[in-house]
Amino acid sequence: MKKTILLLEDDKNLNRGITMRLEKEGYHVLSAFGVSQAEELMEQNMVQLIISDITLEDGNGIDFCCRLRKTSGVHLIFLTALDQEMDIVNGYDAGADDYMTKPFSLMVLVSKVHALMKRVEVAETAYLNSGDIRVSLQKMKAWRGQEQIPLSKKEMQLLIFFLENPKQILSREQIAEAVWDVDGQFVDDNTVPVNISRLKGKLEDDGIQNVRGMGYIWTKEVIKE
């Protein structure tokens, strides 16, 4: 089933252009040109992601997001011309998952959409099992046998990313984008290897292997349930 995106953008030409590109990527796009229309579409449809402008003719995207967060955890990207530091802070404080300023790269927007949709796919699976490792995606907890593994939020996201992509060589850049960049966080050259080293130590498992000069790989079979 196609994932559904709600696009709240009152510039009709821009709305049309973004819609066409996202539909080419395989998504079902619901177009809204105002806050009231967007709220109606949210009530009538199962939406996995919202892309929203902030300055709108009939309201404010920040207020829309704040109301939304009272009842929904749906992923949301702000796409706006408001580029001041305080605007960006207000966007994240309202509950946005990401914040992009205009003018923007359509390719980067699509990349961010793909990354957030991967989170949606993960959330739709209850457990990931590999060897002695078992992960609950709803509880965001991991066990080795009967023993819970004390993982930080980033370590858990790392583990899930590996388990969602088993037996694939993942570059540092791919890992950084999936676990850090989607939140707009700064990542230096040591961030990925340091966190992977910590994760490997806590797992006490040889599932993660370093492929010299290429990246990392989860070597074991993964069963989703």
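## Terms and ground rules

Buried means under 20% relative accessible area, exposed means over 50%, and partly exposed is in between (1.4 Å probe, protein chains only). The model is predicted, so local features need pLDDT of at least 70 and side-chain atom pairs count only at pLDDT 80 or more, while totals for chains, interfaces and linings use all residues. Residues are numbered from 1 along each chain as its sequence is written, and side-chain values use heavy atoms, with hydrogens and water left out.

## Lys102 and Glu9

Searching the whole structure turns up 13 salt bridges (a side-chain nitrogen of Lys or Arg within 4 Å of a carboxyl oxygen of Asp or Glu). One of them pairs Lys102 with Glu9 at 2.8 Å, N to O. Lys102 sits in the loop between strand S7 (98-101) and helix H5 (106-123), and Glu9 in the loop between strand S1 (4-8) and helix H1 (12-24), so the pair ties together parts 93 residues apart in sequence. Helices (H or I, at least four residues) and strands (E, at least two) are DSSP runs, numbered from the N terminus.

Glu9 is buried at 2% relative accessibility, whereas Lys102 is partly exposed at 23%. Salt bridges also link Glu9, Asp53 and Lys102 in a network.

Glu225 and Arg134 meet in a salt bridge of 3.3 Å, N to O. Glu225 is partly exposed at 49%, and Arg134 is partly exposed at 28%.

Lys224 bridges to Glu164 at 3.4 Å, N to O. Here strand S14 holds Lys224 and helix H6 (residues 153-164) holds Glu164, 60 residues apart. Glu164 is buried at 18%, but Lys224 is partly exposed at 47%.
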